[in-house]
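Open the model in your viewer and keep the selection panel at hand.

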Amino acid sequence: MAVDAPERPTAVRADIARADSRTKIFNRVCAGVLIAFALIWLIPIAWALDTAFKPNEETTATRWLIDNPTFDAFGRVLRDTDILRWFGSSLIIATITALGVVIVASMAGFALSRMRFKYRNVVFWLVLAGIMIPGQVLIVPQFREMDSLGILNTFWAVSAPQIPTAIAVFIFKQFFDGLPRELDEVARVDGAGFWRIYRGVIMPLSRPAISAVVIFAFVQSWNDLLWPLLVLSNPDIMTIPVGLATVQGSFGIRYADVMASAVLGAIPLVAVFLLFQKNIVEGIAGTGLKG
Amino acid sequence: MSTTETAVRPRSGTSESGPVSKPKSNGLPAFGFLAPFLVLYLAFIIGPGLYGLLMSFFDTSLVQPGLGTFAGFGNYAEAFQSSDFWAGLWHTVWFTILTTPPLIILAFVFALLADRAKHGRWFFRLAFFMPYILPSAVVALIWIFLYTPELGLLDTGLAKLGMTAPNWLGDPNWAMPSLAITTIWWTLGFNFVLYLAGLQDIPRDLYEASAMDGATPWQQIWKITVPLLGRTTTLVVVLQVIASLKVFDQMYIMTQGGPNFATRSVLQYIYDEGFTNFRTGYAAAASMLFFVVILAVSAVWFGIVRRQQKEA
């Protein structure tokens, strides 16, 4: 623009400067609006945290800071509920599920990406169909299945239907498709079979895909309510969401205790989130995974 | 600047063409690799799916072994005539209508604003995304507390502003909007992150070039950002509609489907029929009908994506 109009350089410069300052103001306003919303979004969590440190009698007064914050509510929840057991159950189930998903899905993804075989398209479409089936519509027959297998109220009953996750197969297949095939060729010339190519070449290069799938499978399994609610009726092995949903009514108006149990229930995943924030966010952005 | 150059999505278009390097078939080892997944998949997904379909034609009961007596299309006919089933479906659809537009528009606007921010993106990500990773039970406990009549933070806050709060979860007309508000707060972060990633894929020089031509930020948004985010929006909308249709947790914990069944979702209806009334066959039929609704949404999505790909 400045080149096209050499005879009026000052005016043009003034124009650009004005546009610049207008953009700057616009950006400031944007930032202000966004900060306001972000703070609104933080209020529920902050209020829950705040309430958990109050004595039960003072939770109804709408004051943020009280003079005598206390850990008593946490103590009562840890003593009076089975929350520590629920932690254990959730941890075991989510770990079994996440490991299971990574192992079976990466192997299947490897076959679909790297191997040639009859019925490959049939398998591909069969897996694709799995993405379309929401697990929730299968709860009735799956429950009967677990019942007749005699594994109700076991960790296996919770994990088994969560392990064959079709979308994870696709994530791995897509990722493997993006890895150069020359790597396999080199390994094959060295006499490596498929298993060694999978274990020794492909998987070590697939950390980003593995961590995305692990985190997702873990978080989803940890947060799932409907299915574990059905198959775990024994309070000893309930998961955190099932346990919290079951006892929530019994707290009555002891709000500090309720909030303490919510905070305790949230801590493990919030820790995971803070540690792996980048992987989680990039994983979502890359895959569009959703429960 | 952090690019979301995704590790997980090598972005070359999806190649379904298969391996090119080896002409020879590796049938046996291939099925060795596929077996663990396929066995579990057939045993716990496809198998139950077919079993559910079969069951939906029988008067199967939860407390009796076997399929029970053959019912033909009886279960389906009953579901079609059941006002409770239709009410459940309607509540689910109503919830979807209430949640989808705000979850798309707010997520888009927030992402747009965050994309312009030079500093503190981590803070916005934290604020908007953290709720998404909380278990539904935790979210429910927090919001039941916020919604507590008269004593909750929302009621006292609104009172300070001189407004009277509705009886959030207790009023049949307000219960569903209240659940929607909770859900928007809970899951917005997911769409926010999807949009943020989409925004970062738009080349910066497009903005610079248009700014040179004198485009205002407002024009840039409407003429560049919105059209280029078309595909992201299709993805976000479909994922959102499907996620909203599958709603169960919030109602189950926060309102138990009440007051007066005003918030009982179709999934909870299936749950109640199958596991409280032991009518497994009927619940399986209702599940199948619900499945058809979800499939229809997915089919529409496929159609739109096809068209977008043709245009591109």
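Start with chain B. Of its contacts with a separation of 6 or more, 70% join residues 24 or more positions apart. The model is predicted, so treat every stop as a computed one.

**Stop 1: chain B.** Colour chain B by secondary structure. You will find 13 helices and zero strands. Its C-alpha trace spans about 75 × 75 × 30 Å along the principal axes. Buried residues make up 41% of the 312 residues in chain B.

**Stop 2: where the chains touch.** Show both chains and select the residues in contact. On chain A there are 92, and they meet 85 on chain B. Which helix gives the largest share of the chain A side? Select residues 9-52 of chain A: this is helix α1, and 15 residues of that side come from it. Now colour the chain A side by class. It has 63 nonpolar, 18 polar and 11 charged residues.

**Stop 3: helix α5 of chain A.** Select residues 139-149 of chain A. Eight of the 11 residues in this helix are buried, so α5(A) is largely enclosed by the rest of the structure. The buried residues are A:Ile139, A:Val140, A:Pro141, A:Gln142, A:Phe143, A:Arg144, A:Glu145 and A:Met146. What covers them? From chain A, the cover includes α6 (155-159) and α11 (226-231). From chain B, it includes α1 (27-55), α12 (266-276) and α13 (280-311). Step past the end of the helix to A:Gly150, which follows α5(A) and has a positive phi, near 70°.

**Stop 4: a helix pair in chain A.** Select α2 (residues 72-80) and α13 (residues 255-275) of chain A. They pack at an angle of about 75°, with their axes 8 Å apart. An angle from 65 to 115 degrees counts as roughly perpendicular, and α2(A) and α13(A) are therefore roughly perpendicular to each other. Show side chains at the contact. α2(A) brings A:Ala73, A:Phe74, A:Arg76 and A:Val77. α13(A) brings A:Ala256, A:Asp257, A:Ala260, A:Ser261 and A:Leu264. By class, this contact has six nonpolar, one polar and two charged residues.

**Stop 5: the core.** The largest nonpolar core has 160 residues. Select those with the most contacts inside it: A:Ala105, A:Ala108, A:Val213, A:Met259, B:Leu141, B:Phe192 and B:Val193. Leaving out residues up to four places away in sequence, A:Ala105 touches A:Thr165, A:Ala168, A:Val169, A:Phe172 and A:Val213, along with B:Phe37 from chain B.

Terms used. Residues numbered from 1 in each chain as written. Chains lettered and ligands numbered in written order. Predicted model: local features only at pLDDT ≥ 70, side-chain atom pairs only at ≥ 80, totals over all residues. Core = buried A, V, L, I, M, F, W, Y, C linked by C-beta atoms within 7 Å. Buried ≥ 20, exposed ≤ 12 C-beta atoms within 10 Å, placed from the backbone. Contact = placed C-beta atoms within 7 Å. Axes fitted to C-alpha atoms, helices over the stretch in contact; angles between N-to-C directions. Helix = DSSP H or I, 4+ residues; strand = E, 2+ residues; numbered from the N terminus. Parallel < 35°, antiparallel > 145°, perpendicular 65-115°, else oblique. Nonpolar A, V, L, I, M, F, W, Y, C, P; charged D, E, K, R; others polar.
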